[in-house]
Amino acid sequence: MTENAVNTAVTSASSPAIPAETSAVPPATRTANRPLGTPLGTPLGKHPTRVLFLGAGELGKEVTLELMRLGAWVCAADSYAGAPAQQVAHEYRALDMANAAELQALFDEIKPDIIVPEVEAIATDVLAGAAAAGTQVVPSAEIAAICMDRERLRVLAHEELGLPTTPYRFAGSLEELRAGASEVGYPCVVKPVMSSSGHGQSVVRSADAIDAAWTEAQEGRRAADEGDVSRVIVEALAPLERELTVLTVSSSAGIVTCAPIGQRQESGDYRESWQPAAEPDGEAERACDIARAAVEGLVAKAQATGETGWGVFGVELFVLTDGSILFNEVSPRPHDTGMVTMTSQRLSEFALHARVILGLPITPEHVALTIPAGSVAASHAIVVAGDGEAEFTDVAAALAEPGTDLRIFAKPEVHGHRRMAVALAVGESEADARAKAGRVADALTITVE
């Protein structure tokens, strides 16, 4: 966990070019160490723009590539060596990013202009200290802290911004959980406030199962080994028809939204996504309005602390059987369901994130769909089971059908189940696109040994 690996020599810090503000959102305070007019394009020269990724998975890999295309210097850190983004960055490090001392030592060594959190297991106090010292945290240290904490996020979304959500209560003990579950009613969902991706989450259908849900929230959550009691959120199990993701982009030109993305999940993890999602009249507009309002609220929090709030946000929404739309959560970074944008949009969510990180303006033209009118793009996650290295063959056969593509993440190993690639396709309809992406996945031969 504390191994350091270096690919190239470390160079001195500098900063990116930032255009004049044209945003409808009030401009954030500029950091003193990144003056206007600093050039890009010298990653190995005297004045590189230094970007540090905290988390080096498949999403970070794509953003790293986009940043490097714009001439930034990138270091990718993760808890292990050989992560996808580490394979393409100028340098990489392996460390425990939740360890405050290790993370501070990394900041002191790299001296980044920009820090990009791509995972949630990060010492947020150290992030806040870096932001206070003048480093740009993406989208901000304050936003990262809010989005890691379901309690803070739900209070902001519902109680401050007035966004529609499921009925909910918070609990810091088993007794409070029992009372909260009784108030919101059964069935309900119990989640730790400081976890993600379904870790520690339970669906509770009757009062006699609430004690087990409390135990699961404490023992199944992320960072359960830290020993502290986790507060939980208990919320009513909504009559869900489907889920949407609205990628929302905050840049120096303001806030814009992408076309809503439909998705299918298994056990809380994404398996398929498609864009644009087929929505009844007015539903896409309502979804985008909720997403925009949520991000506006987060950006206002960032700007109140002197940070920019620039970044791509994955806003997760519930569509209920009666057609109403509820806010669920926000990921303050590119979203896994957004991998479909690699084949659907003028700029993918990764290219958008790279641009806004560097202060470049994003307008509706940049997020426009580029697939033929009436068609749909789809992504299909390729999850591999086994224990060892995964090798892909029959790739040519998998990509023989027109309108298909494939991204292999190049993760070094799989132990159990792991998302190792994604298939992409464009079709004449949602069903056609999803079927084509599924055929790409099915045609691959994947050997684990």
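**Starting from a buried glutamate**

Glu283 has a relative accessibility of 3%, so Glu283 counts as buried. Here buried means under 20% relative accessible area, exposed means over 50%, and partly exposed is anything in between (1.4 Å probe, protein chains only). Before going on, a word on what you are looking at: this is a predicted model, where local features need pLDDT of at least 70 and side-chain atom pairs count only at pLDDT 80 or more, while totals for chains, interfaces and linings use all residues. Residues are numbered from 1 along each chain as its sequence is written, and side-chain values use heavy atoms, with hydrogens and water left out.

So what does Glu283 form a salt bridge with? The partner is Arg242, and the closest N and O atoms are 2.2 Å apart. This pair links distant parts of the chain, with Glu283 in helix α8 (residues 283–304) and Arg242 in strand β10, 41 residues apart. A salt bridge here is a side-chain nitrogen of Lys or Arg within 4 Å of a carboxyl oxygen of Asp or Glu. Helices (H or I, at least four residues) and strands (E, at least two) are DSSP runs, numbered from the N terminus.

Now follow β10 across to its neighbour. Strand β10 (residues 240–251) runs antiparallel to β14, and 10 bridges join them; two strands pair if DSSP finds at least two bridges between them. β14 and β15 form a hairpin with 4 residues between them, and Gly323 in the turn has a positive phi of about 90°.

Why is β14 described as largely enclosed by the rest of the structure? Because 10 of the 10 residues of this strand (residues 311–320) are buried. In a regular strand the side chains alternate between the two faces of the sheet. Both faces of β14 are covered: Gly311, Phe313, Val315, Leu317 and Val319 are buried on one side, and Val312, Gly314, Glu316, Phe318 and Leu320 are buried on the other.

Back to charges. The count comes to 28 salt bridges. One of them joins the side chains of Arg346 and Glu365 at 2.9 Å, N to O. Arg346 sits in the loop between α9 (341–344) and α10 (349–357), and Glu365 in the loop between α10 and β16 (376–388), 19 residues apart. Arg346 is partly exposed at 36% relative accessibility, and Glu365 is partly exposed at 43%.

Another salt bridge brings together Arg439 and Glu401 (2.8 Å, N to O). Arg439 lies in helix α12 (residues 430–443) and Glu401 in the loop between α11 (395–398) and β18 (404–408), so the pair ties together parts that are 38 residues apart in sequence. Arg439 is partly exposed, with a relative accessible area of 40%, and Glu401 is partly exposed at 29%. Salt bridges that share partners also join Arg264, Glu266, Arg271, Glu272, Glu430 and Arg434 into one network.

Finally, zoom out. The protein chain has 12 helices and 20 strands, and buried residues make up 55% of its 449 residues.
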